[in-house]
Amino acid sequence: MEKINFDQLQEELYHEKLPNGLNVYILPKKGFNKTFATFTTKYGSIDNHFVPLGKEEYVKVPDGIAHFLEHKLFEKEDGDVFQQFSKQGASANAFTSFTRTAYLFSSTSDVEKNLETLVDFVQDPYFSEKTVEKEKGIIGQEITMYDDNPDWRLYFGLIQNLYQNHPVKIDIAGTIESISHITKDLLYECYNTFYHPSNMLLFIVGPVDPNKFMDQVRENQAKKQYKEMPEIQRKFEDEPVQTAQPKQVLEMNVQTSKCLIGMKALHVDQTGPELLKNELTMNVLLDLLFGKSSENYNQLYNEGLIDETFSYDYTQEQGFGFAMVGGDTENPDKLADQLKNMLFQAKNGTTFTEEQLERAKKKKIGAFLRAVNSPEYIANQFTRYAFNDMNLFDVVPTLEKITMDDIKTMASEVISEERFSVCQVIPKK
Amino acid sequence: MDSTAEKITNMQGYKLHVIETDKYKTNTFVWKMKAPLTKEDVTKRALLPQVLQSSSAKYPTTTALRSYLDELYGATLFIDLAKKGEYHIISFTLEIANENFLSDRTPLLKKGFELLSEVLTKPNVTGNAFDQETVNKEKRTLKQRIQSVYDDKMRYSNVRLLQEMCKGEPYALQVNGEAEDVDSITPENLYEYFKKAFSEDEMDLYVIGDVNEDEVKSIAESLLKFDDRTPQKAVSTETPKKEKENEVKEQQDVKQGKLNIGYRTNIVYGDSDYFALQLFNGIFGGFSHSKLFINVREKASLAYYVSSRLESHKGLMMVMSGIDLKNYDQAVGIIRDQLEAMKKGDFSDQELIQTKAVIRNQILETIDTSRGLTEILYHNVVASKDIKLEQWINDMEKTTKEEIVAVANKIELDTIYFLTGSEAVK
């Protein structure tokens, strides 16, 4: 077990890679009641085209299957794992993203038992035709719930504008039609391919003794038989740099319009420190352009084009990435035009002062401190970073090194007409 | 549980609550203002904090104020509104980095304190009026916020349930005020209201973090002073007795129906059976091991979400679920059956033990965050009680099955609200 110290943050992180390939991280947190643990596989909605374990040919699986699998893993022959957790005073949950499926619990007592339950239930699937059919009704309701949600439709509409081929454009839960093709055999095929310990990461954060917990996990894993796993073969069609379409307007049962603009990322082959720097630089650029202290924000707010729902974000992973800016608005076309202008002014050399840059960096550093108050944030983000070969605790030192030149280069390279798109939700007539 | 050791001091015009703990990397201030919910004031109270947080005398534009917050290592300042019982509560939260975790060790606590006090007490005012432009902008934002409830069908159906269920009671008012009352607010009458609120509201300041009580007290003394007051109590309205259950169906263009059911629990925070009510809610619908989740979702496969929650000061319980339009009768039937089962004591010791464990865990987890801790402690202010957290947990754990059955028999279904698509309404 290695120990990594983060002096500035006064944190210690313990790590071990077990013989079966599982990466285990433990971060002791003094003073907290709660222990939070996530058990995550590097398998999400985009992993829909791959060579199943033990086979040679690529297969394409139905949209929404990773999320379906997440639901079904909670059900066992003798009942529901939620029951087990609540008997042990824990609350459990799970989520599926584009690139990950995470199972988690938090508890303030019986932590050893809960950890055992978490690891064991994820590593012991039980799928039957009957329970798979039953789940289709439940997930069908989850899908219709999102269909009625204008913010979700706006977000996915924009991703679909930006991406022509990449499966990031597929809704994580799939559609009622696509999930109707899911069978227990397909679930086992996905499970066996992606839930091998060498494709997974266990993170524990809370008032815990790292030696004791590492022993427990080591022992638990030693009891289970896993064969050596060949590298997973995933396939992604080539994605052009251009967007799929420049604009999409959705009519929905709403009173207030919504507008989101997006910029498709470049350099999506990046990993590690390079990716970390790229992602942070883009986020600092967005802060300079659209943060509450920016002139742009003030202008848009004064003109009545944005309100408190206005937000922006940049995210990038291996194979895809996008910046998004927008929110509710009384005038979606005017807002789209103004945001676009502001972006292109930045490309063509809007100058920021060193003072503004320093302030934006300070703001991000403070936000990071606030975030690491949260065990959930640490576990989820650490895992996301680790799957992209980055280290969460490099955020502050990387931020400190961002220069004005980095910002300028970013603006001039990434912002481009062919990678720009708009999505709007407007009231149905 | 040492971190909840709350030290309370009576200050001039408000109470100071200090919680010293070293578990966070930031320090948090929460300023709370409480007054009875009234139609007359609710919209002004929603607008006021928005105006105050957008600029001040020293930072007369949003850009200036927000730049200063960024400068303080991205200190966050945000406002929040809540209804607790028949009270309307405004909260200002300022969270600022603890410089011990920064390479730059300039002390930040006092600067954060000064900024909070600037925002609360030194607004951007000309004569006897707030800045006109600021008020206009914030009125527009408030209108949009009120309107946006319509677009989020889960929130919308909850608001509609309360409007139907609590007709004629202050609790039916929306937390963000009423759209039709926004226009009549002026920079003058809002400034008038600002003075009134700061002289009449019950006010509390929570400071949580790696702080020293004496230091906090002396800074608070020098920065925040108001007139002493006797806070107004909400007039407790008799719940109008309904002859029969109220059923309301509303039609809109939606794919999923939203089913919201409101009950009167006839129990509020501070009552001797309040903890039994908490357990009732936990067994009935609060968690993923509860009867609603098991029967509506897992067994009948009718819903993705189905749960119940309590309003502790008004004495309400709300069930919410999203279902297919055609399954209305079946879903309502199953939910009714679960309440009947509770009334008959049809739940196992196992369910009771399980629920106690989960609630205990939930409380301990909530107090791990400064916000959650503040909310738990603030219950005592709202209800004028002094229930310690330890007592809360102990009383909850001592609760018997008989007490829970007694609670179940006090609960009355009041209103069923269903937001439905076009094809389902005959």
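Trainee: Which strands form the open sheet in chain A, and in what order?
Mentor: In this predicted model, seven strands form the open sheet of chain A, ordered S1-S2-S3-S11-S4-S10-S9, with mixed pairing.

Trainee: Which strands stand at the edges?
Mentor: Those are S1 (2–6) and S9 (91–96) of chain A; each has a single partner strand, so one side of each is left without a neighbour in the sheet. From one strand to the next, the twist averages 15°.

Trainee: What packs on the sheet?
Mentor: Helix H1 (residues 65–73) of chain A does, touching S9 and strand S10 (101–107). The direction of H1 makes about 165° with that of S9(A).

Trainee: And S3 with S11, parallel or antiparallel?
Mentor: Parallel: S3 (residues 23–28) and S11 (residues 200–206) of chain A pair over six bridges. A:Asn23 stands opposite A:Leu201 in S11(A).

Trainee: Changing topic, what does the domain assignment give for chain A?
Mentor: Domain 1 spans 2–222 and domain 2 spans 247–427. Their C-alpha centres lie 27 Å apart.

Trainee: How much do the two domains of chain A bury between them?
Mentor: About 3,500 Å², with 74% of that on carbon and sulfur atoms. On the domain 1 side, A:Leu154, A:Leu158 and A:Leu162 lose the most area to domain 2, together 19% of what that side buries.

Trainee: How many salt bridges are there across that interface?
Mentor: The rule finds two. A:Lys258 forms a salt bridge with A:Asp151, their closest N and O atoms being 3.0 Å apart.

Trainee: Which element gives the largest share of the domain 1 side that touches domain 2?
Mentor: H5(A), with 10 residues.

Conventions. Residues numbered from 1 in each chain as written. Chains lettered and ligands numbered in written order. Predicted model: local features only at pLDDT ≥ 70, side-chain atom pairs only at ≥ 80, totals over all residues. Heavy atoms only, no water. Pairing = 2+ DSSP bridges. Helix = DSSP H or I, 4+ residues; strand = E, 2+ residues; numbered from the N terminus. Axes fitted to C-alpha atoms, helices over the stretch in contact; angles between N-to-C directions. Contact = heavy atoms within 4.5 Å. Domains from an automatic or database assignment. Buried area = accessible area lost by both parts, 1.4 Å probe. Salt bridge = Lys/Arg side-chain N within 4 Å of Asp/Glu carboxyl O.
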